[in-house]
Protein chains: 2
Amino acid sequence: MQLWCTENQSDSLGLTARVKETLFTGRSEFQDVAIVDTYQFGRMLVLDGVFQTSVVEEFIYHEMIAHVPLYTHPNPQQVLVIGGGDGGTIREVVRHDSVKVAEMVEIDGMVVDACKKYLPETSIALNENNPKVRLKIGDGIKHMKEAENKYDVIIVDCSDPIGPGEGLFTHAFYQDVFKALKPDGLFVQQTESPFYHQELIQRLTKDIASLFPITKLYLASIPIYPGGLHCFTIGSKQYDPSTGETGKRPQLKTRYYHADLHKSCFVLPNFIRELLK
Amino acid sequence: MQLWCTENQSDSLGLTARVKETLFTGRSEFQDVAIVDTYQFGRMLVLDGVFQTSVVEEFIYHEMIAHVPLYTHPNPQQVLVIGGGDGGTIREVVRHDSVKVAEMVEIDGMVVDACKKYLPETSIALNENNPKVRLKIGDGIKHMKEAENKYDVIIVDCSDPIGPGEGLFTHAFYQDVFKALKPDGLFVQQTESPFYHQELIQRLTKDIASLFPITKLYLASIPIYPGGLHCFTIGSKQYDPSTGETGKRPQLKTRYYHADLHKSCFVLPNFIRELLK
């Protein structure tokens, strides 16, 4: 018998991966949580049937959501991650010497526990009692309402805008993000596929641009996500991320990100440029 | 009943698209040929079960395989396409005013006939008796052996290196390509996925670099191909494609390609840079 795990990327498209072993399944207060070991991608986190991250290619998403905003800010010290329960984003954040405190607010403790147990390479910064890391299991929307003038960089590492992630794709949330950032702060959010979520991207780009003087979209190639191409959107109060790294900070060893790619990932194909007009 | 067409992208990964209607199936001398109408991608050409091109996203592949080499050459007049039976590549080639003759050698007449009938937007340059187009149904390898000092640009628009495309991924073929090009000529070939075909990419990069003074790989995001990210490799006798367009030729109206992207598509993630070392 062969076992396959299929993500319905839309109602007419699926990506299916052959499974060696199902390591964990559970139903949390918020969603179905599963960790499967696949032949193609190794161990993979699946939430409500949607492929989230896998050991083989997680470096792409986590490097790109962390290093593009962090190298844009000349001296990021206070960083907040909303979501990111697998720990991969905060693992990359704490590699920056400038970072003093990396807070993380994840709504679903079951995701954190499952990743700490089954994805140890990804969740290492949550396991090792890293002195910079402050993990809180709680509601990111509520946390953001209460924060003011506190963060240099906020990273919204959320799942799709259906289910627990829904409230993170709203104008009201972006207002709270703006308020929580320092006067030269910036934030980034994963913003889905430029092929399959064009209306969402247009709406949230408009919402972010109504608040932030600088709004930019960049791209990364992520094979387990629909279409293989994924958007990230930055709202920034002062620094333009598309002009590349600021200052002369040491280059971290990375497998996807580098200083030239920091600039080129903002060079968008014409059909995406049109989308953002 | 729902019909789904599934490509086995590897023995442990599949992409599956829901089908409205099967428009054509046939068995040629070389391969299984099918055209299906899908909900996600519209009409799609499938050869030996592998998704080749679809009306929704064909512009990406065809613009990127044609315009990057053509805008690299300052005055491409004689162009050859090997393969490309759907006609999309030659459609983009003949848009360049400088091009006087665009030859195309496709091995499988059934592919051409099916695309002329069912993919009219893609195959338009084959249908409209374009005076620049010279279509030959025949063996591209044999054609290349016989050509000498003839072409400014050669585009190898082939299927996977299994089946009829196999002989197009060999050192012997690249020697013939070198001979068929003029002293300042260049060629491009689609060279598969940087996630799933790393050994192939390493081997052919080495083969091409052993013949051509300039060898460069560039990327495009193609949602129907494995991993959603696809490689193209250029072997060039004189012009460096990664420095961008030459001269000041008029910019064609395109949906993916543009002059800035011509440069940024050569900026490779670190894991691909490592692969090519």
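Modeller: We will go through the domain contact step by step. This is a predicted model, where local features need pLDDT of at least 70 and side-chain atom pairs count only at pLDDT 80 or more, while totals for chains, interfaces and linings use all residues. Residues are numbered from 1 along each chain as its sequence is written, chains are lettered from A, and side-chain values use heavy atoms, without hydrogens and water.

Biologist: Into which domains is chain A divided?

Modeller: Domain bounds come from an automatic or database domain assignment. Chain A has domain 1 (3-52) and domain 2 (58-276). Their C-alpha centres lie 23 Å apart. Contact means heavy atoms within 4.5 Å. Domain 1 of chain A gives 21 residues to the contact, and domain 2 of chain A gives 18 residues.

Biologist: How much area do the two domains of chain A bury between them?

Modeller: Buried area is the accessible area (1.4 Å probe) that two parts lose on being put together, summed over both. Here the figure is about 1800 Å², with 69% of it on carbon and sulfur atoms. On the domain 1 side, A:Q9, A:F30 and A:Q52 supply 27% of the buried area, more than any other three residues.

Biologist: How many salt bridges are there between the domains?

Modeller: A salt bridge is a Lys or Arg side-chain nitrogen within 4 Å of an Asp or Glu carboxyl oxygen. The count between domain 1 and domain 2 of chain A is zero.
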